[in-house]
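Here is a friendly briefing to read with the structure open beside you. Take it one topic at a time and find each residue as you go.

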Amino acid sequence: MGAATVLACWALPAAALPAFDEVRADFRPSDTLILSREGEVLQRLRTDATVRRGQWVPLADVSPALRQALVLSEDKRFFEHSGVDWRAATAAAWGNLWNQRTRGASTITMQLAGLLDGDWRQGPGGRTVPQKLGQTVAAQVLDRRWRKDQILEAYLNLVPFRGELVGIDALARTLFGKAAHALNDREAAVAAALVRAPNARPALVAQRACGVLRDMQPPATTGAARVDCEALDVFASAALQRRAFDASEGVAPHLARYALRQRAGSASIAAGQAAALVPERVSTTLRAPLQRFAVQSLQQHLRELRGRNVEDGAVLVLDNATGEVLAWVGSSGQLSQASEVDGVLAARQPGSTLKPFLYAQAIAERRLTAASLVDDSPAQISTASGLYIPQNYDRQFKGWVSVRTALAASLNVPAVRTLVMVTPDAFHRQLAAAGMPLRETGDYFGYSLALGSPEVPLLHLTNAYRTLANGGRASPVAVLPAASRVARAGAAPVTAPPLNRALAADAAFIVGDILADGNARARTFGTDSVLATRFWSAVKTGTSKDMRDNWAVGWSARYTVGVWVGNASGAAMHDVSGTSGAAPVWAAVMGFLHAREPSRAPRPPTGLVRAPVRFGSGADSPQPLEAARDEWFVPGTQQALFAIDSIAIQDDSERTVALKRLKNGPTATVAAPDVSGARITAPAAGSVIALDPDIPPASQRLQFVAGSAAAGADLRWRIGGKPLGRGARVGWLPWPGRHVVQLTDGQGRVLDEIRIEVRGAGIAAPGLKSGRS
């Protein structure tokens with residue numbers, strides 16, 4: 001076979017070399033860029049663990065120093081030859097003949113041909129003669145088809161530099177911490193030296209870089225005098241140890257991973273997944289300025305809580321109409337020891353944030369109205385596992401209060417009494433309809449379901465509140481933009497996605513009106529609460545048991561914002577209340593959203609009735625239970641007066657129980673305290689009091705109550721043998737431990753005695769050092 005035939009055989013694969021545009025289109029970085037709706041880069045996420053490749057860098061964005069260094073180091077006659085430097089090839093062949101070390105004859109174009117086709121790539125023992133011939137033919141084909149600038153640009157983006165680093169973008173950002181256009185002469189010389197020996201020792205890299213730097217000096221200067229090779233050695237050694245190019249970088253790492261999973265339509269993206277399956281850029285619905293502000297607000301507030309054992313948090317912002325995610329902060333970042341845990345997706349106990357859905361269901365079923373009176377008094381509910389004794393935020397009972405006050409002030413006992421009417425299973429189904437499916441059944445949680453005992457992620461909880469904002473209609477959230485829903489960056493939605501009815505519209509409106517009522521929540525949170533905004537908004541806070549999770553979730557006319565703070569490890573926080581934990585972050589984000597955008601109260605649904613109501617007086621005061629006001633009603637449930645009438649009946653047990661019947665249609669009959677005489681009626685003997693952590697320590701009180709028939713007697717209380725107080729009802733500042741509570745007469749004779757246990761109070765007994773920081 002003649003030489004012409006051999007060359008013809010190698011010309012066939014060479015003719016199949018791709019065009020420059022094809023190479024550029026097939027290029028895949030090892031990282032995926034996550035973009036905001038404005039096109040800003042929010043996050044760079046490593047999606048290919050097999051190689052470290054940055055973005056494709058146009059030749060115009062490569063520093064002139066690097067272009068000069070590379071040509072001088074690898075191919076001095078690059079702009080003169082036609083792909084093969086025959087002069088250098090001849091010199092190399094002559095040197096090999098006489099066993100002389102000469103510079104290699106492989107040009108930049110020939111090296112690029114080897115990068116484009118693995119058949120011509122150099123192996124451990126060097127290239128074979130057929131490989132060299134094929135590479136030579138391919139280089140000449142490339143030189144005819146491609147321009148010189150395209151050859152140089154592709155080579156800079158495809159050449160391996162060191163270790164896993166491929167391409168000039170990855171090299172520049174990893175070793176020098178800057179973009180390719182900013183490399184200076186010294187950095188360019190080190191980069192060029194790495195092309196010839198990617199994994200050489202730092203001393204050898206510095207030696208070769210020094211030679212390149214000398215070649216780069218103008219002819220009129222004395223290169224040896226101007227180049228400090230010792231300093232270059234120190235610089236190269238330091239640069240080769242740097243790893244400035246983080247695997248993932250930006251302000252939305254958790255959203256980035258979630259968006260990729262949504263894009264792929266699978267549960268996860270494997271670290272080594274084929275690059276072709278991972279997009280180079282992914283556009284999302286996030287607003288870049290809002291995302292940055294949410295991150296900063298969360299981190300700033302957690303720094304202010306330093307010393308209270310709280311380091312993690314999460315923020316989610318949704319567009320009410322479209323369900324688009326506008327901000328997704330899954331962690332506090334560097335403040336956290338578990339920054340990889342996504343607080344938006346992690347399941348946590350939501351506490352009192354479930355109460356709005358419970359009252360909405362009771363109102364929709366016409367069991368209650370916003371003006372119905374519910375009894376906030378000690379309750380002992382029998383369950384299969386024993387007595388369930390709910391407590392309030394401040395350990396104080398308010399007596400008879402309206403549903404509006406009970407929800408806005410986040411009273412626990414009325415919520416549990418409401419769940420008794422609705423039933424746990426029915427409420428379980430309602431939560432699922434609102435977008436919060438629970439793993440266990442309603443009977444599994446029992447009456448603690450009213451106080452948020454199940455675990456739900458912030459994503460589901462916030463979207464459920466968006467259901468309230470949309471008048472009871474639910475739809476999934478979206479992190480990827482849809483052309484049918486978004487007109488342009490930051491613009492109002494064109495069309496809304498289909499919404500499914502999850503709650504009655506009138507009940508959702510009434511609950512929203514309650515949660516927007518600052519006067520109604522004043523009994524617990526005060527009139528100057530951080531929850532009060534200058535624009536219309538509705539919000540609810542919540543805290544899980546043992547102070548492990550704190551929440552603030554609410555909505556305005558256009559946005560729904562959910563915030564969680566706590567610890568990813570599940571550790572309890574110290575002295576973080578409902579308004580000092582998540583609420584300040586919620587208020588800050590809401591304020592940012594409405595800095596230049598108004599928020600007005602929603603219009604009531606058609607048919608909803610607004611009517612004046614007044615309330616009767618309580619048993620202990622001639623004053624009305626609550627001030628007269630106008631109230632919203634589901635049609636057919638309105639009435640003008642809400643009052644209480646008491647009657648006595650005989651029970652089967654040793655005690656007589658009074659039942660109080662409400663003079664309002666929707667409210668059910670409720671049990672009243674024991675009136676058997678000088679007996680302790682609350683708490684029950686053997687009670688384990690698990691105190692709600694969402695309380696300022698000085699406000700915690702446990703109420704001891706004697707039967708109403710003994711109210712006029714000279715009753716005295718002792719705990720642990722020490723005097724506590726006098727009268728039929730006393731409050732006690734609890735502390736952890738087992739305690740003996742005694743009720744005595746004026747002469748000290750013990751009339752009744754119970755034993756109780758207190759857990760999780762976090763308050764030391766008088767004279768003892770507090771366990772809180």
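L373 stands opposite S402 in strand β14. This is a predicted model, in which local features need pLDDT of at least 70 and side-chain atom pairs count only at pLDDT 80 or more, while totals for chains, interfaces and linings use all residues. Residues are numbered from 1 along each chain as its sequence is written, and side-chain values use heavy atoms, leaving out hydrogens and water.

**A pair of strands**
- Strands β11 (residues 373-376) and β14 (residues 399-402) run antiparallel and share four bridges; strands are DSSP runs of E with at least two residues, helices are runs of H or I with at least four, both numbered from the N terminus, and two strands pair if DSSP finds at least two bridges between them.
- From β11, L373 and D375 point one way, V374 and D376 point the other way, and all are buried (under 20% relative accessible area; exposed is over 50% and partly exposed in between, with a 1.4 Å probe and protein chains only).

**Aromatic rings**
- The whole structure holds 16 aromatic pairs (ring centres of Phe, Tyr or Trp, the last by its six-membered ring, within 6.5 Å; planes under 30 degrees apart are stacked, over 60 edge-to-face, the rest tilted).
- F20 and W56 make an edge-to-face pair, 6.2 Å centre to centre with 70° between the planes.
- This pair links distant parts of the chain, as F20 is in helix α2 and W56 is in the loop between β3 and α3, 36 residues apart.
- F20 is buried at 11% relative accessible area, and W56 is buried at 7%.
- F20, F27, W56 and W146 belong to one aromatic cluster.

**Nonpolar cores**
- The largest nonpolar core has 76 residues, and W328, F357 and F427 touch the most other members (a core is a set of buried Ala, Val, Leu, Ile, Met, Phe, Trp, Tyr and Cys residues joined through side-chain atoms within 4.5 Å).
- Helix α21 (residues 505-515) gives this core its largest share, seven residues.
- A second, separate core of 61 residues includes F27, L66, I168 and A172.

**Backbone features to look up**
- The peptide bond from A682 to P683 is cis, with omega near -5°, and P683 is in the loop between β29 and β30.
- R366 has a positive phi near 60° without being a glycine; R366 lies in the loop between α15 and β11 and is partly exposed at 44% relative accessibility.
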